[in-house]
Amino acid sequence: MAQPIIQVRGVCKEFLLPHLRHTTIKSRVLNMFRETRTMEVQTALRDIGFDVQPGEFLGVVGRNGSGKSTLLKILAGIYMPTSGDVTVTGKLVPFIELGVGFNPELTGRENVYLNGALLGFSKSEVDSMYEDIVAFAELEGYMDQKLKNYSSGMQVRIAFSVATRAQADILVIDEVLAVGDAAFQRKCYEHFRALKKSDTTIVFVTHDMGAVRQFCDRAILLEDCRIAADGSAEHVAARYTELFNPRPSVEPGVSTKRKGSGAIRYTRVDVASTLFEDGVLTLDLEVQADKDLDEVAYGFLIKNSSGAPVLGTNSVLKKQLLGGLNKGDRVRVVWTVPNVFSDGLYRVDLTITDFKGLAVYDWWEEAASFTAVKDEKTPYLVTPATSLEVSAIE
Amino acid sequence: MRDLLKFIHDRYRYPLILLGAMVVTDFKLRYQASLLGYLWTLLRPLAIFSILYVVFASFLKIGAGVPYFPVYLLFGIVLWGFFNESTTQGLASLVGRADLLRKIRFPRYVVVLSVGGSVLIGFVLNMLVIVLFMIILQVPVRLEVLWLPLLFVELVALSISLAFFLSALYVRFRDINYIWDVIMQAAFYAVPILYPLTLVPAKYARFLVLNPMAQIIQDARYVLITDQTQTISQLFGTPWARAIPVGITLVLAVTSVIYFRRRSSSFAEEA
């Protein structure tokens with residue numbers, strides 16, 4: 001294996017909590033004879049170790065406050081680790097955020113030159129690429145206005161346009177894509193793809209698991225200041241999603257999100273955990289009645305990972321008015337649902353009610369979950385099979 | 001030799017580009033919304049000079065014995081102005097650019113030097129005003145003026161060293177700006193700017209002139225304006241007495257650089 005371009009070994013980072021630091025001479029004098037080691041220490045990173053290979057596109061994910069930005073700043077040489085070593089063999093782009101050093105009082109043109117200087121370009125070098133920068137940002141005719149009169153989208157565009165000029169072996173990027181419209185984001189991603197082709201190493205912090213799956217060769221999940229997962233983008237993205245969506249228990253009766261009189265209950269829930277491209281979703285269920293009932297309606301609702309209902313129905317809506325049950329009866333209920341799901345994690349709610357939905361016998365939220373895997377990744381609620389035909393007209 | 005040049009080029013190319021960009025930006029921003037713009041760099045010392053001249057030369061008749069007292073006074077104010085601005089602005093420079101420090105990896109000294117650079121531009125413009133006054137007042141130019149560049153080097157070294165030291169200290173202790181403000185007020189009167197040093201009894205004058213700023217101002221006036229200026233050589237009877245203020249400057253420079261370098265890795269977190 002090639003020599004890693006970034007080596008991180010046992011890196012810890014601690015911050016002294018600022019309100020306990022002596023920032024004035026008064027407090028320094030007053031606390032002169034006290035034990036100053038009682039200062040509270042906040043740990044941001046604990047024993048972090050990993051390698052990045054040349055040309056690798058590494059995603060760094062984790063909740064807010066998990067230490068991602070601190071790690072990035074340490075990689076970029078802005079913060080010093082409290083202990084441990086970081087070895088970088090290659091030229092690293094010196095900044096980790098777009099538009100750093102932009103001054104609202106300067107014109108767009110002046111800011112381009114200033115930002116260019118921060119990237120290490122002399123005035124004549126910026127001169128030679130100025131036209132291209134403006135063209136890429138699509139801001140011809142605005143360059144002599146002050147930056148404060150730009151919309152935030154325009155500011156980001158000009159910042160990104162300058163940043164694309166950076167010549168470095170390693171790029172370290174902290175959530176650049178949080179702003180900007182869809183067209184701009186696409187432009188960013190196209191640029192990333194081009195960088196990837198040119199074998200630039202990229203370390204990329206994001207909350208967008210779609211981007212991680214799409215671009216990253218590998219990803220690292222930070223949780224509680226440590227590396228919680230390090231592996232393929234797919235694996236880490238799934239782990240990240242789990243952080244926010246604890247896997248629901250599949251065993252009947254264990255889930256706490258279950259209500260209803262219990263006169264009739266689901267006793268078995270069988271749902272394949274992964275739904276592949278060519279598959280059909282099957283909810284294979286068994287119910288048992290504890291009382292005599294006149295009318296029974298079965299239903300389900302499928303929600304995506306952000307909790308948005310995607311689809312659902314029940315036997316009454318399907319005009320299947322099923323008769324009553326006697327105490328002790330067991331029934332098998334099987335739903336089949338065409339695979340219209342977009343790529344991602346889904347959860348299934350199951351219900352048993354009377355026909356009008358007034359009496360709830362069993363209402364079980366998140367009784368099961370499954371992951372839909374789709375090659376075609378759309379940002380929409382559903383992704384049914386579509387077909388496209390393009391042909392020349394004679 | 002070529003390797004050395006390449007090393008210097010590689011190592012200082014980025015800091016120099018940054019420094020240039022920051023000085024230009026700073027200078028542009030300073031006079032941005034003002035009607036007269038850059039002219040203020042010249043107008044301000046002229047206005048201050050007029051006030052002081054009216055008070056000290058016309059009313060109090062302090063400079064009666066000094067030839068070319070108006071330009072003598074103005075020169076002192078310009079030199080002091082450089083020292084004052086570069087240290088006070090230098091002091092706040094790191095904390096003021098905390099946004100850059102936290103987001104970009106670059107040599108931290110560039111921030112302090114950029115302040116020094118933009119103050120230096122103002123100083124050069126002020127020197128043009130001095131030359132103008134010298135022409136108007138027909139001040140003769142003597143051979144001693146060749147010492148002037150060396151004195152300017154000492155002035156810049158002293159000011160920038162203090163700026164380095166204070167800026168790094170200010171990151172930790174946020175009282176420094178108030179303290180420095182008071183020190184500068186006191187120093188303005190402890191340095192013979194408004195009054196000729198001859199007005200001070202010799203035993204006190206000897207003490208005052210050990211301050212590098214006093215030595216620089218008096219020496220600079222001596223070489224540029226008039227040999228009627230009392231300098232450290234006359235007070236101590238030997239030109240080698242300069243070793244003390246020059247030594248103070250050197251010690252300050254070395255201490256500042258060491259302190260700044262030692263602290264610079266934590267500026268990003270604390271500024």
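1. A residue is called buried here if 20 or more other C-beta atoms lie within 10 Å of its own, exposed if 12 or fewer, and partly exposed in between, with C-beta atoms placed from the backbone. By that count, 31% of the 394 residues of chain A are buried. This is a predicted model, in which local features need pLDDT of at least 70 and side-chain atom pairs count only at pLDDT 80 or more, while totals for chains, interfaces and linings use all residues. Residues are numbered from 1 along each chain as its sequence is written, and chains are lettered from A and ligands numbered from 1 in the order in which they are written.

2. Chain A has eight helices and 17 strands. Helices (H or I, at least four residues) and strands (E, at least two) are DSSP runs, numbered from the N terminus. Two residues are in contact if their C-beta atoms, placed from the backbone, lie within 7 Å. Among contacts in chain A between residues at least 6 apart in sequence, 73% join residues at least 24 apart.

3. Helix α3 of chain A (residues 108–118) is mostly covered, with 10 of its 11 residues buried. Nonpolar here means Ala, Val, Leu, Ile, Met, Phe, Trp, Tyr, Cys and Pro; Asp, Glu, Lys and Arg count as charged, and the others, Gly among them, as polar. Just after α3(A), A:Gly120 has a positive phi of about 100 degrees.

4. The axes of α3(A) and α4(A) (residues 123–137) are 10 Å apart, at an angle of about 125 degrees. Axes are lines fitted to C-alpha atoms, for helices over the stretch in contact, and angles run from 0 to 180 degrees between N-to-C directions. The two helices are therefore oblique to each other; angles under 35 degrees count as roughly parallel, over 145 as roughly antiparallel, 65 to 115 as roughly perpendicular and the rest as oblique. The crossing is right-handed, that is, the near helix is turned clockwise from the far one by less than a right angle, anticlockwise being left-handed. From α3(A), the residues A:Val112, A:Tyr113 and A:Gly116 meet A:Lys123, A:Val126, A:Tyr130 and A:Ile133 of α4(A). This contact has five nonpolar, one polar and one charged residues.

5. Helix α5 (residues 109–136) and helix α6 (residues 148–172) of chain B have axes that come within 10 Å and cross at roughly 140 degrees. α5(B) and α6(B) are therefore oblique to each other, and their crossing is right-handed. B:Val112, B:Val115 and B:Gly116 of α5(B) meet B:Ser159, B:Ile160, B:Ala163, B:Phe164 and B:Ser167 of α6(B). The contact of α5(B) with α6(B) has five nonpolar, three polar and no charged residues.

6. The contact between the chains takes 24 residues from chain A and 20 residues from chain B. On the chain B side, α1 (2–30), α4 (98–103) and α12 (267–270) each supply at least two residues. The largest share of that side, seven residues, comes from α1(B). By class, the side of chain B that touches chain A divides into 10 nonpolar, three polar and seven charged residues.

7. A nonpolar core is a set of buried Ala, Val, Leu, Ile, Met, Phe, Trp, Tyr and Cys residues joined through C-beta atoms within 7 Å. The largest has 133 residues, and those with the most contacts inside it are A:Leu58, A:Val172, A:Ala219 and B:Leu79. Helix α3 of chain B (residues 69–96) gives the largest share of this core, 14 residues. Apart from it lies another core, of 24 residues, including A:Ala289 and A:Ala372. Beyond neighbours within four places in sequence, A:Leu58 is in contact with residues including A:Val52, A:Phe204 and A:Ala219.

8. A:Glu138 has a positive phi of about 55 degrees and lies in the loop between α4 and α5 of chain A. B:Tyr68 has a positive phi near 55 degrees and lies in the loop between α2 (39–59) and α3 of chain B. A:Glu138 counts as partly exposed because it has 15 C-beta neighbours inside 10 Å, whereas B:Tyr68, with 21, counts as buried.
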